[in-house]
Amino acid sequence: MNSRLEHLSRILVTADQMRSIEHRIFEAGMPVAALMEKVARKLSDRIAQLYPACKVGILVGSGHNGGDALVVARELHFRGYEVQIFSPFSRFKELTATHLQYAKSLGIPCVEDLQSCDLIIDGLFGFGLTRAIEDPILSLIHQVNSWQIPVISIDLPSGLDTDTGRALGAAIRATHTLCLGLWKLGILQEPALEFVGKAELIDFDIPLADIFAILGESAQTQRVTSTWAMSTLPLQRPASTHKYKMGHLLLICGSERYAGGALLTGLGGRASGVGMLSIAVPNSLKPMLSSHLPEALVIGCPETESGAIAQLDLDLTAFDAIACGPGLTLEAADIVRQVLDSDRPLVLDADGLNALAKLGAETLKTRQAATILTPHLGEFKRLFPNADLTCRATAVREAAAATTAIVLLKGARIAIANPEGELRINPESTPALARGGSGDVLTGLLGGLLAQQIAAQSQISLLDMTQTAAWWHAQAGILAAETRTELGVDAHTLTQFLIPSIAARQKN
C-alpha cells in the first residue's frame, strides 16, 4: 500500500467533518457533477469485480447519494448488466433528477417493485441522514432486509447514523459497504456491525491539503491498520542486548477460585517477548504457575482463607511495568490500592478495575505514572456510571479525559483513547474472542509490550503501543478461528496463535 492510501485508511471522520472537506473541494472549483461521475465509475469498477454481469436493482434516494446510484446504474447498464431502478421519492435534487432523466432515456426501467434481482445497490441515503426512518422507506428497508440476496451500500448502509453507527429506526443490512473517500466513524462503531457487512474504502483522490485543513495533519480519530500496528512492535533486537534490557513485567493476578486468570495473563505476557516475567500469585497457585511457565519468576504471596492474595511484600520499583487484576477477586482490593500508589506504569483489568470503581476512577488523576485501563462494557459502566454510551467513541474519549488514563473499551470494535483526546478504533476482530479469559491474555500481552517500551525508553507513544496490543490480540483470534473455527478458540488456544499471527504478517 502506498503512503497516501495508508494515510487515508487510518482517518475516521464525522458527518460534519466530511461535509466540511467536501465543501472545500467544491469551493476550489471541483464541479459536483464531475465528482459524482468519478465516484460512480470507481464504484462501478468495484461492483463489477465483486459481482459479474447479473440482474441489478438500484435503490435511489433523492439526494446526491441517489445521484451516485443513478450513475452506477448507467455504467452497469453499459457493461451489459440488466438494471432496474426503484425510488420511493417523487422529488429529487437537481443533479439527481438530471441523471434519472438520462437513465430513463437509455431505456433503463423505473419500476414500482424490484423483481427477482440478483443484487441490490443501496443508494437511498448518504452521510447526511439525521432523522429517523419512516414509512414508506421504513417498510422498504425491512423488505430488502428480508430478501436473501446480496446488497451493496454506497458510502454507508441507508438508515445508519454516520457518527454513532446506530440504526435510525431501521437500516439496510448490507453484504458490502463501499465507503467513499474517507472512513465514516459510524461504520467502525460496534452498533454498525450487523449492518455494514464487508466494508472497504473507495478512494476518489481527495487532496490531502483539504483533509489536513479540516482535521490537521494528525487526525484526532483514527483507524488502526496492520502496517501501523506492525511498525511499533519491538521485534528487532540489538545483537548485544540481554534480558534486563528487554523489560521486566510484574503480573499481580489469580486466586484459588480464578487460578486460570493468572495462567492466561502469564501466557499473554510471555508471548509479548518481554525479557523478564514475574508473577505474584497466592502461595497455593505457585506450583501450577511454575509448571506451566518455567521461565517466569513466580512469587508466592500470603493468602486469605478463601485463597486471594492477602499481602504483597515486594519492591515495586524493581519492575518496569505492572499489570494487575485478572482473577484477583475483590478481597485483594488493598493490593490494588498499593499498586495504584506506586510510581510504576500500570495496566489495570478485571478485579483491578472493580476495586478502582469502589475508590472512584477520578483518583487516577493523582498517579505519578501512566495508567492503562482495559474494561469490558460492564466494568466501564461501573467505572463511569454517568457515561452516555450512545456513541462509544465519545464515551471512551471522555473517560480518558476524566481519569488522565488511557482507556481501552473492549468489544467487537475496540475503542482506545488517551487524555489528550486522541481516539483509535481497531477495525477487525472475531466473535471467537467472546470467551472467558481472552481479556486476561490481552492484559498480559499489553503489560509485556509496556514493560519493553519503558525499558527501551522508546519514543513510541503509549497510545500507539496500546493499539498494537489490541490489534495483535485480535489478529491472533482471527487466525485461530480460521484454523479451528470460531467455536474452537478458547483463551488458552488463543495464546498459541499470538506468535504465529505475527509471523504470518512478517511474511506478507
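Author: What follows is a short chat about a few places in this model, which is a predicted one.

Reader: Okay, sheets to begin with. In what order do the 6 strands of the open sheet come?
Author: The order is β3-β2-β4-β5-β6-β8, and the pairing is parallel.

Reader: And which ones are the edge strands?
Author: Those are β3 (82–86) and β8, as each of them pairs on one side only. From one strand to the next, the twist averages 20°.

Reader: How many bridges join β2 to β4?
Author: There are 5 of them between strand β2 (residues 55–60) and β4, and these strands run parallel. For one of the residues, leucine 59, the bridge partner in β4 is aspartate 122.

Reader: What holds strands together in general?
Author: Strands of a sheet pair through backbone hydrogen bonds, and that can be parallel or antiparallel.

Reader: Which strands does helix α4 lie across?
Author: Helix α4 (residues 64–78) lies across β2, β3, β4, β5 (151–154) and β6 (176–180). Relative to β2, helix α4 runs at about 160°.

Reader: New topic: how many disulfides does the count come to?
Author: The count is 0 disulfides.

Reader: Is cysteine 54 buried or exposed?
Author: Cysteine 54 counts as buried, at 16% relative accessibility. Cysteine 117 counts as buried too, at 10%.

Reader: Now the backbone. Which peptide bond is cis, with omega near 10°?
Author: The one from aspartate 135 to proline 136. Proline 136 lies in the loop between β4 (119–123) and α6 (137–146).

Reader: What about phi of aspartate 205?
Author: Aspartate 205 is not a glycine, yet its phi is positive, about 65°. You'll find aspartate 205 in the loop between β8 (198–202) and α8 (208–215), where it counts as partly exposed at 38% relative accessibility.

Reader: And threonine 329, what is its phi near?
Author: Phi of threonine 329 is near 70°, again a positive value in a residue other than glycine. Threonine 329 sits in the loop between β13 (321–324) and α12 (333–340). At 17% relative accessibility, threonine 329 counts as buried, since the cut-off for buried is under 20%.

Reader: Last one: where is alanine 432 found?
Author: In the loop between β18 (423–425) and α16 (438–456). Alanine 432 is buried, with a relative accessible area of 2%.

Reader: What is alanine 432 in contact with, leaving aside neighbours within four places in sequence?
Author: Gly477, Ala481, Glu486 and Val489. As for serine 290, its C-alpha atom is separated by 28 Å from that of alanine 432, and the two residues are 142 residues apart along the chain.

How values were computed:
Residues numbered from 1 in each chain as written. Predicted model: local features only at pLDDT ≥ 70, side-chain atom pairs only at ≥ 80, totals over all residues. Heavy atoms only, no water. Helix = DSSP H or I, 4+ residues; strand = E, 2+ residues; numbered from the N terminus. Buried < 20%, exposed > 50% of the residue type's maximum accessible area, 1.4 Å probe, protein only. Pairing = 2+ DSSP bridges. Axes fitted to C-alpha atoms, helices over the stretch in contact; angles between N-to-C directions. Contact = heavy atoms within 4.5 Å. Disulfide = S-S within 2.5 Å.
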